[in-house]
Amino acid sequence: MYRIISTSRLTELEAHASALPMARAQCDRLEKDLEKEKARAADLTAALETTNAQLASLRKHTAAEIELARSAAQRTRQQTNTLITEAQKRAKDIEVRADAKVRELRAEIEQLKAKLPDPLPDPQGVVARYENLVGADIDLTLYVTEDPAVTWCKRADLLLVLLCTGCGYRKEETRDGVTDSPGARREFLNDPYDGAKLKRRAQEHAETCRAVTLQHTHAPLRAIAPAT
């Protein structure tokens, strides 16, 4: 038995039928676009994987370089610490040696000062006197020791001593077995290799020394006669 379709329904079906080719064509286009997007997504995924691989490789190299730099810095720090330790040890050794040398020099100064006669010779024994930068005396003293074994003439040993009463700086010149006379003494004191040399050294020392006079007790060394 046939079914009767109303005119309005028939019109609707015809409209759907006429729209079907357009919908199919649009669907085909969408399918093509979807395939393109899938291909593009695949390309992007491959590019992303390549980029990730490159980034991982770069990170690996960077980490290796950082580790190398860290190792180099650590070695440098260790070497620096070693050098600092060695320098401190050398400085300590130098300080210890310097202290020992200072003590040795002070003892030597005291020994040299102890060689001066006690009491000090009369002023006429000091042939020249200078002052250093803080007023300590730098004396040139002439000592004359007669030789008692020689009786047929007046023989003596001449000793000219340069001594700074501040720092203990000492130099001396001697002339042994001379015929003692005022002329012989003047010649000894003015000789450029004896007295004149010590005068020059005394002047030079006075221009640089800043040591004050130290209190000390002299011990007698030998019997001497002051210069006249």
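A search of the whole structure turns up 0 disulfides, and this is a predicted model, so a disulfide here would need a pair of cysteine sulfur atoms within 2.5 Å. Cys-167 takes part in no disulfide, and the nearest cysteine sulfur to it, that of Cys-164, lies 3.9 Å away.

**Cysteines**
- Cys-167 counts as partly exposed, because its relative accessibility is 26%.
- Cys-209 is likewise in no disulfide, with the sulfur of Cys-164 as its nearest cysteine sulfur at 3.9 Å.
- Cys-209 has a relative accessibility of 6%, so this residue counts as buried.

**The β1–β2 hairpin**
- Strands β1 (residues 126-131) and β2 (residues 137-146) pair in the antiparallel sense, with 5 bridges.
- Glu-131 has Asp-137 of β2 as its bridge partner.
- The hairpin leaves 5 residues between the two strands, and Gly-135 in the turn shows a positive phi of about 90°.

**Helix α2**
- Helix α2 spans residues 182-190, and its buried residues are Ala-184, Arg-185, Phe-188 and Leu-189.
- Looking down the axis of α2, these buried residues fall within an arc of 130°, so they line one face of the helix.
- On the face turned away from the buried side of α2 sit the exposed residues Pro-182, Arg-186 and Asn-190.

**Lys-197 in helix α3**
- Lys-197 belongs to helix α3, which covers residues 195-206.
- Despite its lysine side chain, Lys-197 counts as buried, because its relative accessibility is 19% and the cut-off for buried is under 20%.
- Beyond its neighbours within four places in sequence, Lys-197 is in contact with Glu-173, Asp-191 and Pro-192.

Notes:
Residues are numbered from 1 along each chain as its sequence is written. This is a predicted model: local features need pLDDT of at least 70, side-chain atom pairs count only at pLDDT 80 or more; totals for chains, interfaces and linings use all residues. Side-chain values use heavy atoms; hydrogens and water are left out. Buried means under 20% relative accessible area, exposed over 50%, partly exposed in between (1.4 Å probe, protein chains only). Helices (H or I, at least four residues) and strands (E, at least two) are DSSP runs, numbered from the N terminus. The arc is that of the directions from the helix axis to the C-beta atoms. Two strands pair if DSSP finds at least two bridges between them. Contact means heavy atoms within 4.5 Å.
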